Amino acid sequence: MKLDSAHLRHVGLYGKDAENIYSLLARDELDDIVRNLELYRVKHQRYPDSLQQLEKENPKLFITDPLQDRNIARDPGTYKFRYFYYIPKDTTYDLFSAGVD
C-alpha cells in the first residue's frame, strides 16, 4: 500500500505523532528507492553513483529523507543533508535514513 506522502508530510509537521509518521514515510520511500536501484542495475549492469543519478531516471522518486526535512525545518543551521544516505559498492550498496534521533 502506497502512503499519501503529501498528506502525511503536512500532518507530520503539526501532529502529535510526527516521528512515527515521518518514520513510516521514510520506510515507504526507501522501499521505492530499493526497487528503483534494482531496476537501474538491471538496465545499466551497475548501481548508480548517487541517488540524484537515480532520480534523473525517475523524477517522481523521492530521494529526500523526510526525517531530515523535518530537522532542517526546525533547525536549518544544524542540519545540512536532506537525502537518504546511499553508499554504492561493487555489487551492493548501503541505503538508510537518518532515523528519528
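**View 1. A nonpolar surface patch made by Tyr85, Ile87 and Phe96.** In this predicted model, the patch covers about 250 Å². Patch residues have over 30% relative accessible area and no salt bridge, and nonpolar side chains (Val, Leu, Ile, Met, Phe, Trp, Tyr) are joined within 5 Å. A salt bridge here is a side-chain nitrogen of Lys or Arg within 4 Å of a carboxyl oxygen of Asp or Glu. Areas come from the Shrake-Rupley method with a 1.4 Å probe; for residues, only the protein chains shown count as cover. Tyrosine 85 lies in strand 1, residues 85–88. Is tyrosine 85 buried or partly exposed? Tyrosine 85 is partly exposed, because its relative accessible area is 31% and the class runs between buried (under 20%) and exposed (over 50%).

**View 2. The hairpin of strand 1 and strand 2.** Four residues sit between the two strands. Their pairing is antiparallel, over four bridges; pairing requires at least two DSSP bridges. Proline 88 faces tyrosine 93 of strand 2.

**View 3. The largest nonpolar core, with 18 residues.** Such a core joins buried Ala, Val, Leu, Ile, Met, Phe, Trp, Tyr and Cys residues through side-chain atoms within 4.5 Å. Ile33, Leu37, Leu51, Leu54, Phe84, Tyr86 and Leu95 touch the most other members. Helix 2, helix 3 (51–57) and strand 2 (93–96) each contribute at least two residues. Helix 2 gives the most, with eight residues. In soluble globular proteins, nonpolar side chains tend to be buried together.

**View 4. Asparagine 36 in helix 2.** Helix 2 spans residues 18–44. Asparagine 36 counts as buried because its relative accessible area is 16%. Which residues does asparagine 36 contact, leaving aside neighbours within four places in sequence? They are Leu54, Asn58 and Leu61. Contact means heavy atoms within 4.5 Å.

**View 5. The whole chain, with four helices and two strands.** The order along the sequence is α-α-α-α-β-β. Helices (H or I, at least four residues) and strands (E, at least two) are DSSP runs, numbered from the N terminus. Of the 101 residues, 37% are buried. Among contacts with a separation of 6 or more, 48% link residues 24 or more positions apart. The chain exposes about 6,700 Å², with 53% supplied by carbon and sulfur atoms.

Residues are numbered from 1 along each chain as its sequence is written, and side-chain values use heavy atoms, without hydrogens and water. In this predicted model, local features need pLDDT of at least 70 and side-chain atom pairs count only at pLDDT 80 or more, while totals for chains, interfaces and linings use all residues.

Definitions and conventions: Buried < 20%, exposed > 50% of the residue type's maximum accessible area, 1.4 Å probe, protein only. Patch = residues over 30% accessible without salt bridge, like charges linked within 9 Å, V, L, I, M, F, W, Y side chains within 5 Å.
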